[in-house]
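Hi,

Here is the structure I promised to pass on.

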Amino acid sequence: MADTREIHRTIWSELPLFAGILTGIVLAIVQFAINRSVWSDEAAVALNIVTKSYPELLRPLDHQQVAPIGFLFLERFFFQEIIGNELGLRILPLLGFLASIPLTYFLSLRLFADRRIALFATSFFTLSLQLIRYSSEVKQYSTDVAVGLLIACLSLYLPMRKPSSVVAFGVAGSLLIWMSNVSVILLFSFGSFILFEEVVRRNNYRVLFAVLLWIASFVTYYQFFIHDHPSREFMLRYWGNSFLPLNPFDKEFYFFVKHMLMSLFGFAIGFGGLWILPFLFFTFTTVMLARQKRFFPLYICISPIVVHLILSSFRLYPFSGRLVLYLAPYAIILYSYSLWMIWEKLTGRIISTNNYTQMLPVLAMFIPIFFNFPVYREELRPNIEFVHKRREPGEMVYLYYGATPAYSFYDTVHDSGFGRNLVLGNAHRKSPAEYGAEVDELTGRYWLLFSHVYPHATIRNSDSEEVQILEHITSNGGKILDKNITVGSAVYYIEMTKR
């Protein structure tokens, strides 16, 4: 009877943590269901998915895009065979997020052998605003998280003494290389651990079979889809500040270190400007586990970060923003452990099975959610519909160049109906007066459609090219008859009364 009461108390005490996890799942589903507009970066890869056949997706993508072949194929399948609109493109990222939740729990449980700590870390993971956001982003970053966690769990749970487990891990790793670009980082990190444990300590040479399969798969993928990729130089320029400088005496080295910490603890985990807090807890856990000589969880959580930084130093893979989203669960697991330990001390005793105070730190995750959920980026689709409903026959539509990828996606999927009445703007960042020359070609009444405005922001400011164009128009006799403002996008109905 006593054991039964203890089990019931344990279940009731864990309910708040389960509630946090369930809340994160509901928020991700809501974020998916609102079907926000695709924004510029999403549209660039989405255009490839919806316009190319499966064989064409094997070739370099248009619009300077790079994505894993397996991801592209699955995205194409969900779009073409399941739904047929942008919601179909968001199914795979959502599934990646949902699959990551139990994987985070099992990884935490394996590392610390404590169900409560595992639930605590999983609650933090599930309520991360950035992870929720990317659960409906038409990009590979949410599936990167799931693939990385799957590799970690396979590494730690499969009994490598069994030949069937070695074969299964070898085949799974080989396939995941085609699904995620970061899979190689995880396979190297955890593969090294397995080789040490099985070959060096147990003389189990069977695991070499799995490693050879991974190498063969990666070499094939690299030869056909990475080597001499036409977008390589563009990517190197685009991510130019995201590679680790090798000279520690160079000030750029320290700028990068700050950028790295902000990317991982601010952006990826979702703490924003408060990134120093999870970083301090992460550091505290590292020191504490090192002093206790508990190197196993340290290696599992830190080695992928180290390998990524090494690749960054050789300019092979940038360390920045969304590219490090897959590292979020490992950082979360480590800082959650120290936060749990500290919280126990602050409560004055070990948190008992009938104490709900362990939920209080998790509630802090609701602060960014409260102010920023649901997440919108560039709501161009409502403005296209606004123009479509109100535009008179023959009226021209000027499309700001930054809106071109997203507009092209919606025109391809839904057909805007603007046809020959559409004027495509060009980029003139070094010569802003050229924007005025473009709109001066328009007469009478016409429409201006903006999105992804430089400087890129979701609010209008005096320095934006959108404001500069509007000021040019109004100073030359133009009047704004109507407008519609959405997050990251705007449309204006203009009438030119004089020249």
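Leaving aside residues up to four places away in sequence, Pro 361 touches Phe 120, Phe 124, Leu 339 and Trp 343. Keep in mind that this is a predicted model. Pro 361 belongs to helix α17, residues 360-363. Its relative accessible area is 12%, so Pro 361 counts as buried, the cut-off being under 20%.

Phe 120 and Phe 124 belong to one aromatic cluster together with Phe 271, Tyr 335 and Trp 340. Across the model, the count of aromatic pairs comes to 37. Take Phe 124 and Tyr 335: their ring centres are 5.6 Å apart and the planes meet at 75°, so this pair is edge-to-face. The pair ties together distant parts of the chain, since Phe 124 is in helix α6 (residues 115-126) and Tyr 335 is in helix α16 (residues 328-346), 211 residues apart. Are these two buried or exposed? Phe 124 is buried at 1% relative accessibility, and Tyr 335 is buried with a relative accessible area of 1%.

Another edge-to-face pair is made by Phe 409 and Tyr 410, with 5.2 Å from centre to centre and 80° between the planes. Both Phe 409 and Tyr 410 are buried.

You'll also find charges placed over rings. Arg 377 lies over the face of Trp 39, 3.8 Å from the ring centre. Arg 429 has its charged end over the ring of Tyr 454, at 4.0 Å from the centre.

Now for the sheet. It is open, has five strands in the order β2-β1-β3-β5-β4, and its pairing is mixed. Which strands stand at the edges? They are β2 (422-424) and β4 (478-486); each has a single partner strand, so one side of each has no neighbour in the sheet. From one strand to the next, the twist averages 20°. Further in, β3 (residues 445-451) and β5 (residues 489-496) run antiparallel and are joined by seven bridges. For Tyr 446, the bridge partner in β5 is Ile 494.

Helix α22 (residues 465-475) lies across β3, β4 and β5, and runs at about 165° to β3.

Cheers

Notes. Residues numbered from 1 in each chain as written. Predicted model: local features only at pLDDT ≥ 70, side-chain atom pairs only at ≥ 80, totals over all residues. Heavy atoms only, no water. Pairing = 2+ DSSP bridges. Helix = DSSP H or I, 4+ residues; strand = E, 2+ residues; numbered from the N terminus. Axes fitted to C-alpha atoms, helices over the stretch in contact; angles between N-to-C directions. Contact = heavy atoms within 4.5 Å. Buried < 20%, exposed > 50% of the residue type's maximum accessible area, 1.4 Å probe, protein only. Phe/Tyr/Trp six-rings, centres within 6.5 Å; stacked < 30°, edge-to-face > 60°. Lys NZ or Arg CZ within 6 Å of the ring centre and 35° of its normal.
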